[in-house]
Amino acid sequence: MQPPRPTKPIFVGNQRTGIVQVGGGLDGTQPAPVSVQTMTAGYTHDVDKCVAEIHKLHAAGADIVRVAVPEKKDTDALKEILAQTSVPIVADVHFHFRRALEAVEAGVHKIRLNPGNINDREQVVEVIKACRDAKLPIRVGVNEGSIIERRDKQKRARELGAMFSEHKHGYLLAIMIAKLEEYLDIFYEQDFYDIAISAKSMDATIVIDAYTEISKRFDHPLHLGVTHAGPKETGCIRSVVALGTLLANGIGDTIRISYANDPIYEVQDGLELLYTLGLRERVGAELIACPTCGRIQVDLFTLVQQVRAKLASDIQVPMKVAVMGCVVNGPGEAEGADVAVFAGDRRGIIYVQGEKVANVPEEEILDRLLKECEAFQAAVRAGTARLGEKKVEIVPPDPLGELGSGWEKMAAQRIRSADLTIGQS
Ligand code: SF4
């Protein structure tokens, strides 16, 4: 892991919403934790639905929420939306610079402009002036798909082919960077530096290359994202590969994962990515679970999903919870878990910080495990337990003993095949 690249920070929000610092490390600032953004999926002009969606995304952990404002009726709705929400809101502006001016007037906390479709110099200057007066930052968001120049590929490839020749998509990187430089010159001429940059593509390899090159040329905070990443199942891999690679290299100050799905998954997966890289302090429990194998003797997949859902709703302290399928590798793999269950022959043994507290039949595992998690959470809050503290070593139970595989017991002639419970419901 590389340390975060120093940038000139921007500040999004106000006293009422809380101010989210994005980037940092230059101008006497410290780098802020990487923030998570998402975008509402519904119509902005449908105020009640838009407000409900923003509340839901904020509650899930979004630090900043973006809304589309394609029409005047959308910017007209912003005032009411801002009055009813308490998270910084960004207006996403394409094609019509007046939407940006209206959004600033409504009191939005940041503007996103796309150089691919708002490129009239006078219009851009008008937006910059409005944002400066309102003390608002602007994200300059280049999208590979909306760069007009890329349509004349052959000509551009000839002109820019020598640049980034070591890259697979060299000319495209050159176009994106040239576009940014040209666009940002308008901002610098106006003495405006309250800027974040993004350069998205649907191709994770272009995203990695583009942000890597941009990070060498500009000291503005970077908003990372893979655009049009697709459905969650595959979009997750694309986004995590690209954003994870960049973040591990210290590149990226705020992220948006985008899926063709409910944006709540974007927030959840964005946070999980940052927790995994140690870039954010975890809120709530971390679940460790085994992938299962031929040793399994309980319905672990169902149990894991049930535990996951209950932990998400009931546990707020960042405890580690392990759900392991057997006693063979379970104890070693669950090392460091605060609360753990090792399943076996239709039973589960539950441990709290290494201490065995219960041995229950399969149908009671979920309730008892959650009871222990809640009790542990209460103890942490009361100061009588500490996270990550192992009281005693877990001694793996005898595989031929209370949780052992029936087959192994039978092979060792401990039981008769007639006594086996495996396969019985
Ligand atoms: S914990 Fe046991 S059941 Fe789960 S994968 Fe490891 S060996 Fe298999």
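Eight strands form an open sheet in this predicted model, and their order is S8-S7-S6-S5-S4-S3-S10-S9. The pairing in this sheet is parallel. The chain as a whole holds 13 helices and 15 strands. Of its 425 residues, 44% are buried. Among contacts with a separation of 6 or more, 63% join residues 24 or more positions apart.

- Strand S8 (195-200) and strand S9 are the edge strands, and each of them pairs on one side only.
- S9 pairs with strand S10 (residues 254-256) in the parallel sense, over two bridges.
- Leu-224 has Ile-255 as its bridge partner in S10.
- Helix H6 packs on this sheet, where H6 touches strand S7 (138-143) and S8.
- The direction of H6 makes about 155° with that of S7.

**Helix H6**

- H6 covers residues 170-189, which is 20 residues.
- From its first C-alpha to its last, H6 reaches 28 Å, close to the 28 Å expected at 1.5 Å a residue.
- The buried residues of H6 include a run from Tyr-171 through Leu-172, Leu-173, Ala-174, Ile-175 and Met-176 to Ile-177.
- Further along H6, Lys-179, Leu-180, Tyr-183 and Phe-187 are buried as well.
- An α-helix has 3.6 residues a turn, so residues three or four places apart point the same way.
- Just after H6, Asp-191 takes a positive phi of about 60°.

**Nonpolar cores**

- The largest nonpolar core has 78 residues, and the members that touch the most others are Ala-91, Ile-111 and Tyr-211.
- H6 gives the most to this core, with 10 residues.
- A second, separate core has 32 residues, among them Ala-340, Val-341, Leu-369 and Cys-373.
- Which residues does Tyr-211 touch, leaving aside those up to four places away in sequence? They are Ala-199, Leu-222, Leu-224, Leu-246 and Ile-251.
- In soluble globular proteins, nonpolar side chains tend to be buried together.

- H8 has 17 residues and reaches 22 Å from first C-alpha to last, close to the 24 Å expected at 1.5 Å a residue.
- Buried residues of H8 include Gly-235, Cys-236, Arg-238, Ser-239 and Val-240.
- Ala-242, Leu-243, Leu-246 and Leu-247 of H8 are also buried.
- H7, S9, S10 and H9 are among the elements that cover the buried residues of H8.
- The axes of H8 and helix H9 (residues 264-276) come within 11 Å and cross at roughly 35°, and the crossing is right-handed.
- At this crossing, Lys-232, Cys-236, Val-240, Leu-243 and Gly-244 in H8 meet Tyr-265, Asp-269 and Leu-273 in H9.
- Just after H8, Gly-250 takes a positive phi of about 80°.

- Is His-228 buried or partly exposed? His-228 is partly exposed, because 17 other C-beta atoms lie within 10 Å, whereas a buried residue has 20 or more and an exposed one 12 or fewer.
- His-228 and Met-202 are 26 residues apart in sequence, yet their C-alpha atoms are 5.5 Å apart in space.

**The five-stranded sheet**

- Another open sheet has five strands in the order S11-S12-S13-S14-S15, with mixed pairing.
- Why is one side of S11 and of S15 left without a neighbour in the sheet? Strand S11 (286-289) and strand S15 (355-361) stand at the edges and each has a single partner strand, so one side of each has no neighbour there.
- The twist of this sheet averages 15° from one strand to the next.
- Strand S12 (residues 320-324) and strand S13 (residues 339-343) pair in the parallel sense over four bridges.
- Ala-340 in S13 is the bridge partner of Ala-322, and Ala-340 also belongs to the second core.
- Helix H10 (residues 300-314) packs on this sheet and touches S11, S12 and S13.
- The direction of H10 makes about 165° with that of S12.

Methods. Residues numbered from 1 in each chain as written. Predicted model: local features only at pLDDT ≥ 70, side-chain atom pairs only at ≥ 80, totals over all residues. Expected span 1.5 Å × (residues − 1). Core = buried A, V, L, I, M, F, W, Y, C linked by C-beta atoms within 7 Å. Contact = placed C-beta atoms within 7 Å. Pairing = 2+ DSSP bridges. Axes fitted to C-alpha atoms, helices over the stretch in contact; angles between N-to-C directions. Left-handed = near helix turned anticlockwise from the far one by under 90°.
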